[in-house]
Amino acid sequence: MSQRPFTVFTKTATARILGVAVALVKKLQVLAKTIWVYVQGKRPTFISKTRYKVDYLESRLDRSADIKITPVGGFSYTAHNLSNGKEYRLWCAPGRGLQCECKDYERQVQGGKVNPTCKHKLAVNQFLSDRFRQQA
Ligand SMILES: [Zn+2]
């Protein structure tokens with residue numbers, strides 16, 4: 001199965017960054033250092049690639065807040081999404097770090113993303129960070 005390369009430069013991300021509805025984002029063009037954006041009813045504008053990378057993490061971090069992490073043995077975790085009841089497994093793979101079975105993570109892996117990250121992975125990081133702080 002061939003998959004499109006993963007990109008953070010999407011209409012959805014543009015809509016989040018500009019605070020407009022996705023349907024109004026009509027066209028994106030990836031340039032060398034910025035993204036040219038056309039939103040219906042507005043003048044075309046540019047958004048930096050860095051802004052999209054920040055959005056990639058921020059949007060997942062926001063959604064990781066209501067995920068409950070439970071350790072299930074050696075370097076494995078269950079992520080339970082309290083808002084929709086869904087549950088995903090995460091585990092550490094040698095040389096590849098923490099892996100998740102969710103669609104977001106899988107799409108990034110198949111799209112060739114370096115260091116793929118999903119809200120569940122961010123929730124595990126937060127869980128471990130909180131634990132470490134309690135022990136210190
Ligand atoms: Zn995930």
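# Group meeting talk: a zinc site and its neighbours

Hi everyone. Let me start with helix H4, whose buried residues pack against helix H2 (49-63), strand E4 (67-71), strand E5 (76-81), strand E6 (87-93), strand E7 (97-100) and helix H3 (103-110). Please keep in mind throughout that this is a predicted model.

Which residues of H4 are buried? They are Lys-119, His-120, Lys-121, Leu-122, Ala-123, Val-124 and Phe-127. Helix H4 covers residues 119-135, and its 17 residues should span 24 Å at 1.5 Å a residue; the end C-alpha atoms are 25 Å apart, which agrees.

Let me step back for the overall layout. The chain has four helices and seven strands. Reading from the N terminus, the elements go α-β-β-β-α-β-β-β-β-α-α. Along the principal axes, the C-alpha atoms fill a box of roughly 55 × 30 × 30 Å. Of the 136 residues in the chain, 34% are buried. If you take contacts between residues at least 6 apart in sequence, 35% of them join residues at least 24 apart.

Now, the metal. Which protein atoms are the donors of the zinc ion? They are SG of Cys-100, SG of Cys-102, SG of Cys-118 and ND1 of His-120, and they lie 2.1 to 2.4 Å from the ion. The angles among the four donor atoms run from 102 to 115°, and the site is tetrahedral. For comparison, the ideal angle for four tetrahedral donors is 109.5 degrees. If you like to look for patterns by eye, the donors follow the spacing C-x1-C-x15-C-x1-H along the chain. Within that set, Cys-100 in strand E7 and His-120 in helix H4 link distant parts of the chain, 20 residues apart. Are these two buried or exposed? Cys-100 has a relative accessibility of 6%, so Cys-100 counts as buried. His-120 has 3%, so His-120 counts as buried too.

What does Lys-121 touch? Not counting residues up to four places away in sequence, Lys-121 touches Leu-90, Leu-98, Tyr-105, Asn-115 and Pro-116. As for its polar side, a polar atom of the Lys-121 side chain lies 2.8 Å from the backbone oxygen of Pro-116.

Asn-81 has a relative accessible area of 4%, so Asn-81 is buried. Its side chain makes a polar contact of 2.7 Å with the side chain of Ser-83. Leaving aside neighbours within four places in sequence, Asn-81 is in contact with Asp-66, Ile-67, Lys-86 and Lys-119. Lys-119 takes us back to H4, as one of the buried residues of that helix.

Next, the aromatics. How many aromatic pairs does the structure hold? There are three, and I'll show you two of them. Phe-6 and Tyr-56 pair edge-to-face, at 6.0 Å centre to centre with 65° between the planes. This pair links distant parts of the chain, with Phe-6 in the segment before helix H1 (11-18) and Tyr-56 in helix H2, 50 residues apart. Phe-6 is buried, at 15% relative accessible area, and Tyr-56 counts as buried at 7%.

The other pair is Phe-9 with Tyr-52, also edge-to-face, 5.3 Å centre to centre and 85° between the planes. Phe-9 lies in the segment before H1 and Tyr-52 in helix H2, so this pair ties together parts that are 43 residues apart in sequence. Both Phe-9 and Tyr-52 are buried.

That leads us to H1 itself. Its buried residues are Ala-13, Thr-14, Ala-15 and Ile-17. What covers them includes strand E1 (25-30), strand E2 (34-39), strand E3 (45-48) and H2. After H1 comes Gly-19, with a positive phi near 70°.

Terms used: Residues numbered from 1 in each chain as written. Predicted model: local features only at pLDDT ≥ 70, side-chain atom pairs only at ≥ 80, totals over all residues. Heavy atoms only, no water. Helix = DSSP H or I, 4+ residues; strand = E, 2+ residues; numbered from the N terminus. Expected span 1.5 Å × (residues − 1). Buried < 20%, exposed > 50% of the residue type's maximum accessible area, 1.4 Å probe, protein only. Contact = heavy atoms within 4.5 Å. Phe/Tyr/Trp six-rings, centres within 6.5 Å; stacked < 30°, edge-to-face > 60°. Donors = N, O, S within 2.8 Å, 3.2 Å for Na, K, Ca; no water. Tetrahedral: all angles 85-135°; square planar, octahedral: opposite > 155°, others 65-115°. Polar contact = N/O pair within 3.5 Å; in protein donor to acceptor, adjacent residues only side chain to side chain.
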